[in-house]
Amino acid sequence: MEKMKAGIIGCGNISAIYLENLKTNPYIEVVAVADLIRERAQERADEFNIANVYNVDELLQNNEIELVLNLTVPGSHAMTDLAALEAGKHVYAEKPLAISLEDGRKVIELAEEKGLYVGSAPDTFLGSGIQTARKAIEEGLIGKPIAATSFFMGGGPEAWHPDPEFFYVAGGGPMFDMGPYYLTALITLLGSIRRISASAGIQIADRKIGSGPKEGTALRVETPTHLAGTIDFADGAIVTMITSFDIRGASDLPRIEIYGTEGTLSVPDPNFFNGEVKIRRYGQDVWETVKPAFESGHNERGIGVTEMVQSIRAGREHKASGKLAYHVLEAMHAFQRSSLEGKHIHLESTYDSVVTTDPSENKTVESH
């Protein structure tokens, strides 16, 4: 199979792991990089031996490039996706799909109109951790799932990130930063979300950048930093979820636990591809480790776009899709809307999982 030629727009922190993982990819060849700061693009090109350094317009006008990897900051995701689609290119973006629901819909609608594919991170749900948990649920190891808990409890990225401002404006916060990992995993395991009820607030507004040249600079916090809510899934499961940048001490709460009529499933951190899945069956007093469905590495970012290219060539629906990302985006907005409006928010979108494949070994795991 001829490799699909790709260009990367956005050469910040996250671009390095994509370039590292894609440099020997059998389906994708990265032939160009672009960034608003040309020197940053040149650094990545030199580091990973990429032949072409373009500005964004030059990359989009290059007819050799069929696929754009959009690794820009969240506020630019939708705009860059739309520009790539208008240029006739498939596009795969970092999370979230967009900041606003309106822009998310525009991306999905334009892709359908153009007959192009749009994908979105996270792709961690394709790894062995979440897929092993999904397989255990499918096989009935905990009976019917009836409830779950999901917790991301952190102190915020300003302690280590040199440019953390975007984490604290619209499209940031713990929900838009880490929520996509947790919500994507929950949807993979439990199906579509029906409605959400939540509270959200800025619990710690006084923050300063903790590292790099901006160390000591005050941060302006403009988006909720602690969100707690209840998610009702279409199949009946009730999930308690908290995402927070306000936990400055430790927390022993689990990342994700799924509770079924016949037992409990402990699910590993959805920010990673691997991790141990454990089960405690009804009537037992010990946890058992579930055999992995397949093996995954610690950081395999890029398997989502790889699977998308495989699907393009095969003419099938892909897994880390814009439709899944839009359902996640609507759920994230519902947390804030519910808090502001004081009511349940019913989601308009739905999502039906497709068959999930381990790209490295072409193993098939039937979907929920």
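**Rings, sheets and spaces**

Colleague: How many aromatic pairs does a search of the whole structure find?

Modeller: The search finds 4 aromatic pairs; rings of Phe, Tyr and Trp (its six-membered ring) pair if their centres lie within 6.5 Å, and planes under 30 degrees apart count as stacked, over 60 as edge-to-face and the rest as tilted. Please keep in mind that this is a predicted model, in which local features need pLDDT of at least 70 and side-chain atom pairs count only at pLDDT 80 or more, while totals for chains, interfaces and linings use all residues. Residues are numbered from 1 along each chain as its sequence is written, and side-chain values use heavy atoms, with hydrogens and water left out.

Colleague: OK, and which residues do ring pairs link into a cluster?

Modeller: Phe152, Tyr168, Tyr182 and Phe245 are linked into a cluster by ring pairs.

Colleague: New topic: what does the UniProt annotation say about residues 5-118?

Modeller: According to the unreviewed UniProt entry, these residues carry the annotation "domain: Gfo/Idh/MocA-like oxidoreductase N-terminal"; positions follow the numbering used here, feature names are shortened, and annotations may be inferred rather than shown by experiment. In the model, the span is 43% helix and 21% strand, and its end C-alpha atoms lie 16 Å apart. Helices (H or I, at least four residues) and strands (E, at least two) are DSSP runs, numbered from the N terminus.

Colleague: What is the strand order in the open sheet of 6 strands?

Modeller: The order is β3-β2-β1-β4-β5-β6, with parallel pairing, and two strands count as paired if DSSP finds at least two bridges between them.

Colleague: Why is one side of β3 and of β6 left without a neighbour in the sheet?

Modeller: β3 (52-54) and β6 (118-120) stand at the edges and each has a single partner strand, so one side of each has no neighbour in the sheet. From one strand to the next, the twist averages 25°.

Colleague: Which helix packs on that sheet, touching β2 and β3?

Modeller: That is helix α2 (residues 38-48), whose direction makes about 165° with that of β3. Contact means heavy atoms within 4.5 Å, and axes are lines fitted to C-alpha atoms, for helices over the stretch in contact, with angles running from 0 to 180 degrees between N-to-C directions.

Colleague: And how do the strands pair in the open sheet of 9 strands?

Modeller: Its pairing is mixed, and its order is β16-β15-β14-β13-β7-β12-β11-β8-β17. The edge strands, β16 (288-289) and β17 (345-346), each pair on one side only. Strands β7 (residues 145-153) and β12 (residues 238-244) pair in the parallel sense over 7 bridges, and Ala148 has Val239 in β12 as its bridge partner.

Colleague: Which element gives the largest share of the lining of the largest cavity?

Modeller: α9 gives the largest share, 5 residues.

Colleague: How much space lies in the second largest pocket?

Modeller: About 230 Å³ lies there, and its lining includes Ile108, Tyr117, His318 and Lys323. α5 gives the most to that lining, with 3 residues.

Definitions and conventions
On a 1 Å grid over the protein atoms alone, a cavity is a set of points where a 1.4 Å probe fits but cannot get out, and a pocket is an open set with protein on both sides within 12 Å along at least five of seven lines; lining residues have an atom within 4 Å of a point. Grid points are joined across faces, edges and corners, and a volume is the space filled by probe spheres set on the points.
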